[in-house]
Amino acid sequence: MAVDGCGLVCKYILFIFNIIFAVLGFAFLGLGMWLRFSGNTKGFFEIEALNSSAFVMAVTVLIALGAVMLIVVAFGDYGACNENRCSLQVFSALLSILALAEVVVGVLAYSKSDEVAASIVEFYSSMYALYLNNGDPVIGATLTFIHKMLHCCGVTGVPLIELAKATCPKPDGILEHLVMPNCPGIIADVFNSNAPLVMGIFVGTGLLLIVALVCTAILLKQIKKVQQEVTAYYSTVY
């Protein structure tokens, strides 16, 4: 039994979609598991007072999202490869939930941009504190990347007294040897000014999931048609 035409095109589109989804799922899950069980960061999860911190919540979301994405890929790949309607129906249901969640998160991130910005600043502050506490080179490299990208210097913005000065970018002028923008303020400003773009990314991702959902629906229809033709053929022969 094999589909053709639109069904075959949709089948290959789902293959490509699942490959991308699998790579992202493994990346999210791997990063989340590393942050959760790394000797330099697991202390955050062992202190009850920090269980509601932005860092702990972000790591938990990464692990959960990575696991869900891989479950979705498993159903999608099995259903598309074997033209199994039951697996594709489960895949469609999961895609619908993810697409709705993407759109809702995007709208909420835009409508509550101040609160989201505060959570991102808290996440940055957690990484900053971890780096000062244990000097983890990976966290140091992450802070260096953030500081260079945003051209800011730690939580103080004053290179002379900044404890994480090694991660700060080179000053652009004489004045910046004394004072540079502090990262918490820059992060909040950047997010608030780009809140519409963030919403657009989430909504756009939701639309891509809807495209995959449409392809799944077409493939389901084609599989059902082929199955009916095969059943009719054998009914006529026997």
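The expected span here is 1.5 Å times one less than the number of residues, and helices are DSSP runs of H or I, at least four residues, numbered from the N terminus.

A quick word on the source: this is a predicted model, where local features need pLDDT of at least 70, side-chain atom pairs count only at pLDDT 80 or more, and totals for chains, interfaces and linings use all residues. Residues are numbered from 1 along each chain as its sequence is written, and side-chain values use heavy atoms, without hydrogens and water.

Which residues of helix 6 are buried? They are Ile139, Gly140, Leu143, Ile146 and His147 (buried is under 20% relative accessible area, exposed over 50%, with a 1.4 Å probe and protein chains only). These residues cover an arc of only 125 degrees around the axis, which puts them on the same side of helix 6; the arc is taken from the directions from the helix axis to the C-beta atoms. The buried residues pack against helix 5 and helix 7, with contact meaning heavy atoms within 4.5 Å. On the other side, Pro137, Phe145, Lys148 and Met149 are exposed. Just after helix 6, His151 has a positive phi of about 50 degrees.

Helix 6 (137-150) also supplies at least two residues of the lining of the largest pocket, and so does helix 8 (195-237), among others.
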